[in-house]
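Please read this explanation with the structure open beside the text. It goes from the pair of chains to single residues.

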2 protein chains.
Amino acid sequence: MFGVASSYGSPIGSIAPTENCMQVASKPYSRAPLSEELSAKLAERFGKRYSISPGVCLQHGQSETFYPSFPPDAVVFVQSTEEVEFVVHHCAAYRTPIVPFGAGTSVEGNFAAVHGGVCVDFSLMNQILRVSAADLDCTVQAGVRRNQLNQHLRDQGLFFPIDPGADATIGGMASTRASGTNAVRYGTMKENVIALTVVTPTGKKIVTSRRARKSSAGYDLTHLFVGAEGTLGLITEVTLKLYGVPECIASATCAFESLDGAVRTVVETMQMGISIARAEILDDAQMRAINRWSKTDLAERDTLFLEFHGTERGVGEQVELVSAIARENGGGDLQWASAPEDRTRLWKARHDALYASVGLRPGARGWATDVCVPISRLVECIALTKQDIARSEVTATILGHVGDGNFHVIFVVDPASAKEMEEATRINDALVKRAIDMDGTCTGEHGIGLGKQEWLGLELGDAVELMRDVKRALDPHCLMNPGKIFQ
Amino acid sequence: MFGVASSYGSPIGSIAPTENCMQVASKPYSRAPLSEELSAKLAERFGKRYSISPGVCLQHGQSETFYPSFPPDAVVFVQSTEEVEFVVHHCAAYRTPIVPFGAGTSVEGNFAAVHGGVCVDFSLMNQILRVSAADLDCTVQAGVRRNQLNQHLRDQGLFFPIDPGADATIGGMASTRASGTNAVRYGTMKENVIALTVVTPTGKKIVTSRRARKSSAGYDLTHLFVGAEGTLGLITEVTLKLYGVPECIASATCAFESLDGAVRTVVETMQMGISIARAEILDDAQMRAINRWSKTDLAERDTLFLEFHGTERGVGEQVELVSAIARENGGGDLQWASAPEDRTRLWKARHDALYASVGLRPGARGWATDVCVPISRLVECIALTKQDIARSEVTATILGHVGDGNFHVIFVVDPASAKEMEEATRINDALVKRAIDMDGTCTGEHGIGLGKQEWLGLELGDAVELMRDVKRALDPHCLMNPGKIFQ
């Protein structure tokens with residue numbers, strides 16, 4: 001997959017392994033040498049846009065997270081769907097693995113070339129092909145980054161809301177079914193991709209859907225590829241829903257007496273059907289980290305970061321309702337960031353939360369969990385996890401997209417300390433099992449990648465066999481991003 | 001598939017064939033006799049809930065639409081997922097086709113037993129298993145009907161918005177990716193199914209997803225089965241999103257000087273991001289039919305039926321904006337149906353639109369098209385279609401869910417008249433081709449079934465081959481609702 005942003009905001013230094021991840025690191029992945037014939041063909045076709053330089057390969061194998069480096073044997077910088085067809089066609093002929101790469105910001109080892117092969121870098125496929133203000137949609141090449149898209153759209157009064165924090169590519173975001181801070185109102189990539197152009201494992205281009213907003217025409221191939229992490233084919237173009245920039249945007253923070261109260265406020269807001277645009281929770285530890293990192297002077301208590309979108313009147317009404325709910329749950333007054341630059345500063349602080357956490361301990365690394373549970377279980381899930389953290393000696397912060405039931409624990413650990421790593425692993429294992437027991441998922445938005453394959457089995461049981469059947473049918477030689485989602 | 005409602009409202013008497021449909025009728029489908037051993041096993045297990053009576057079989061093969069009768073060889077009335085596993089397991093052992101049946105209200109021959117076999121009737125699987133007001137979701141057996149669900153939810157202040165008109169089963173609605181009048185605000189079945197329990201072609205039960213509102217855990221199997229028309233497995237339980245009944249609901253009609261103006265009003269409303277709940281268009285011919293059928297005295301002009309959901313203030317604001325847009329486009333004042341009983345009467349008249357159209361000519365039959373286009377092309381698409389109708393001698397009305405870009409032409413024809421049938425076929429062919437040329441679809445909400453298979457190829461080209469690959473992988477002997485979507 002293309003390398004998709006972690007939802008907490010920013011590319012991360014590196015992260016400590018869970019038990020599973022340590023297994024990943026020591027796994028003896030098979031790796032055949034790159035065919036010289038194939039290499040010559042690619043070199044002939046792509047010239048300088050084809051590289052077997054160790055430096056370039058290393059750069060495309062090094063995840064920003066804790067995973068060990070798995071460099072590909074070659075990298076090709078594609079510029080069109082036709083070029084992707086060429087690459088896939090020839091790699092398939094030589095039974096050579098194909099690994100897509102976007103911005104390299106994913107956090108689950110999603111683009112690690114564990115079996116070597118050819119990395120398809122989409123950074124040059126960065127054209128915005130079409131924007132229709134009338135239809136509120138656009139089509140972009142897979143390598144377009146979300147900030148680039150939003151800058152392009154700004155003059156037309158439009159925006160693309162999905163915000164995983166990092167400046168990921170649209171193709172990568174589609175491939176991991178990414179979401180982020182706005183999902184509570186605008187949905188995830190799943191809800192916002194209308195159609196995809198995909199190069200299948202046979203090297204053939206298909207378009208998964210027409211541009212109509214709804215369709216009952218056959219199997220939903222769009223959603224088969226959204227979240228498939230590049231294991232069924234390479235996404236080369238994406239048609240997305242767009243939204244008008246709201247007439248009124250208001251951001252605020254609200255500090256609480258307890259984490260429970262903050263979570264309850266969001267849960268009750270959701271249950272009342274109030275269409276809040278962002279509802280992010282940051283616990284007291286996270287707030288301390290943010291103040292240090294971002295030089296802010298926010299209250300160092302469990303806090304909600306809120307955003308409201310709508311008409312002036314609509315926003316006023318939402319604010320009134322949410323303020324009342326917050327008060328009932330031990331929240332203080334809403335602290336407003338009204339000017340656009342204040343809003344930007346606020347959300348930058350939020351997006352830097354992981355950096356801020358890791359900054360708490362010099363030399364430490366961050367490791368983020370990603371469970372998502374039904375919101376009725378969220379208060380309990382977070383409270384139990386907070387207890388586990390309090391009872392341990394591990395430093396950890398909590399933040400998350402609570403309106404979706406999704407939150408991240410960021411363990412701030414010294415990977416060299418076996419004791420700390422064991423503690424974090426123990427807390428993480430308990431958290432994931434708890435989430436699955438609550439009918440939740442091990443991953444709300446980061447994907448399975450390399451490290452969560454066992455959890456996938458625990459979560460979905462025999463349904464994983466059906467996924468394997470689909471994989472085998474479309475990619476019988478297992479050449480598309482092999483080793484991801486399942487072995 | 002389970003037999004899903006047509007979106008124009010009500011079960012229909014019968015409908016005239018297109019050219020494709022006439023081909024369907026004359027196609028020599030293969031049909032092996034039912035194994036006596038299998039029949040004995042099913043009879044032993046299900047007793048009176050198993051039937052080979054010709055009357056029962058005929059009842060399960062007769063579509064409410066124009067398709068010829070394709071009765072199954074036997075019908076089994078299941079009560080649980082385990083029973084469905086039993087049926088599928090044993091039918092698979094005897095290579096016997098399995099055809100699911102819900103309310104029998106679908107319009108594309110979706111449950112015709114063209115190759116015979118065993119019909120699985122879900123009408124006894126009608127338990128509402130769980131409702132969570134806190135999570136705004138519920139889980140129901142596949143045979144629960146949408147009106148039953150909404151009656152059950154009423155006391156809790158909740159509702160399930162998807163409204164294809166007919167009182168279809170939830171399983172059937174999932175299987176055809178149904179939508180209807182509320183989709184413009186609440187989405188289609190695609191957006192509202194959280195998870196499914198499915199019995200796969202091997203007779204094994206799987207659950208496609210946990211109950212969390214978002215997940216990146218592997219392939220999106222939920223959406224693979226939503227819209228698969230029962231060809232990949234049988235849906236036995238469905239977890240759905242629910243919504244709080246809005247504080248304020250207001251319905252109105254608005255008559256226009258021209259159809260263009262009415263369509264433009266909805267398109268501009270959508271483009272302004274106004275979250276209208278229903279925006280249905282009915283042309284002058286349809287309005288005349290409705291007045292005759294429903295004894296109403298609405299203006300016999302091109303008319304919008306509108307509904308607004310929200311808080312008092314929010315609805316007031318929406319109404320103000322939409323009224324202004326309507327005036328600019330030649331619309332009159334909004335005529336309000338404020339009391340709940342007036343609203344019910346208004347929407348019943350809308351839902352009876354097809355009956356009303358067919359009632360225009362004694363002995364005639366209705367035939368509904370189902371294209372959906374990007375809304376920027378909607379004015380042109382409807383205008384050209386209206387011209388085609390005006391230039392022909394065919395009686396036809398137009399109505400549709402214009403906020404989605406989806407509309408239906410209802411041809412009111414005498415199937416015995418070759419000339420009329422040719423005219424309707426010609427107009428329909430032109431309409432579907434026009435919609436696909438506009439990057440739209442041949443079916444917004446009815447499904448492919450038996451009659452639109454050629455259009456599916458025209459619409460999605462090589463992507464259909466990928467669908468076939470998936471079908472072959474999951475159902476290699478083509479036993480699950482064979483002959484639907486593709487041969």
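The model is predicted. Two copies of a chain are related by a rotation about an axis and a shift along it.

How many residues of chain A are in contact with chain B? The contact involves 74 residues of chain A and 74 residues of chain B. On the side of chain A that touches chain B, the elements giving two or more residues are helices H8 (189-192), H9 (221-225), H12 (312-328), H17 (453-460) and H18 (463-474), together with strands S9 (205-207) and S11 (243-244), in chain A. H18(A) supplies the largest share of that side, nine residues. By residue type, the side of chain A that touches chain B has 30 nonpolar, 25 polar and 19 charged residues.

Next come the sheets. Strands of a sheet pair through backbone hydrogen bonds, either parallel or antiparallel. In chain A, four strands form an open sheet in the order S1-S2-S4-S3, and the pairing is mixed. Strands S1 (50-51) and S3 (98-101) of chain A are at the edges; each has a single partner strand, so one side of each lacks a neighbour in the sheet. S3(A) runs parallel to strand S4 (residues 118-121) of chain A, and four bridges join them. Within S4(A), Val118(A) is the residue opposite Ile98(A). Helix H4 (residues 81-93) of chain A packs on this sheet and touches S2, S3 and S4 of chain A, with its direction at about 170° to that of S4(A). Helix H2 (residues 36-46) of chain A lies across S1 and strand S2 (74-77) of chain A, and runs at about 25° to S2(A).

Another sheet can be followed in chain B. This open sheet has seven strands in the order S15-S12-S14-S13-S17-S18-S16 (chain B), with antiparallel pairing. At its edges stand strands S15 (335-337) and S16 (365-368) of chain B, each with a single partner strand, so one side of each is left without a neighbour in the sheet. From one strand to the next, the twist averages 20°. S15(B) pairs in the antiparallel sense with strand S12 (residues 248-255) of chain B over three bridges. In this pair, Gln335(B) of S15(B) stands opposite Thr253(B). Helix H11 (residues 284-294) of chain B packs on the sheet, where it touches strands S13 (278-282), S14 (303-310) and S17 (395-401) of chain B; the direction of H11(B) makes about 95° with that of S17(B).

Back in chain A, is strand S10 largely enclosed or open? Seven of the eight residues of S10(A) are buried, so the strand is largely enclosed by the rest of the structure. S10(A) pairs in the antiparallel sense with strand S6 (residues 137-141) of chain A over five bridges, and with strand S8 (residues 193-199) of chain A, also in the antiparallel sense, over six bridges. Cys138(A) stands opposite Leu240(A) in S10(A), and Leu196(A) stands opposite Val238(A) in S10(A). Val238(A) has 29 other C-beta atoms within 10 Å and is therefore buried. Beyond its neighbours within four places in sequence, Val238(A) is in contact with several residues, among them Val140(A), Ile170(A), Ala174(A) and Val193(A).

In soluble globular proteins, nonpolar side chains tend to be buried together. The largest nonpolar core has 304 residues, of which Val76, Val87 and Val120 in chain A and in chain B touch the most other members. Not counting residues up to four places away in sequence, Val76(B) touches residues including Leu42(B), Phe46(B), Val87(B), Val118(B) and Val120(B).

Two backbone details remain. Most residues other than glycine have a negative phi, and most peptide bonds are trans. Lys295(A), which is not a glycine, has a positive phi near 55°. Lys295(A) sits in the loop between helix H11 (284-294) and strand S14 (303-310) of chain A, and counts as exposed because it has 8 C-beta neighbours inside 10 Å. Cys478(B), also not a glycine, has a positive phi of about 50°. Cys478(B) is in the segment after helix H18 (463-474) of chain B, and its 17 C-beta neighbours inside 10 Å make it partly exposed.

Terms used: Residues are numbered from 1 along each chain as its sequence is written. Chains are lettered from A and ligands numbered from 1 in the order in which they are written. This is a predicted model: local features need pLDDT of at least 70, side-chain atom pairs count only at pLDDT 80 or more; totals for chains, interfaces and linings use all residues. Two strands pair if DSSP finds at least two bridges between them. Two residues are in contact if their C-beta atoms, placed from the backbone, lie within 7 Å. Axes are lines fitted to C-alpha atoms, for helices over the stretch in contact, and angles run from 0 to 180 degrees between N-to-C directions. Ala, Val, Leu, Ile, Met, Phe, Trp, Tyr, Cys and Pro count as nonpolar, Asp, Glu, Lys and Arg as charged, and the others, Gly among them, as polar. A nonpolar core is a set of buried Ala, Val, Leu, Ile, Met, Phe, Trp, Tyr and Cys residues joined through C-beta atoms within 7 Å. A residue is buried if 20 or more other C-beta atoms lie within 10 Å of its own, exposed if 12 or fewer, and partly exposed in between; C-beta atoms are placed from the backbone.
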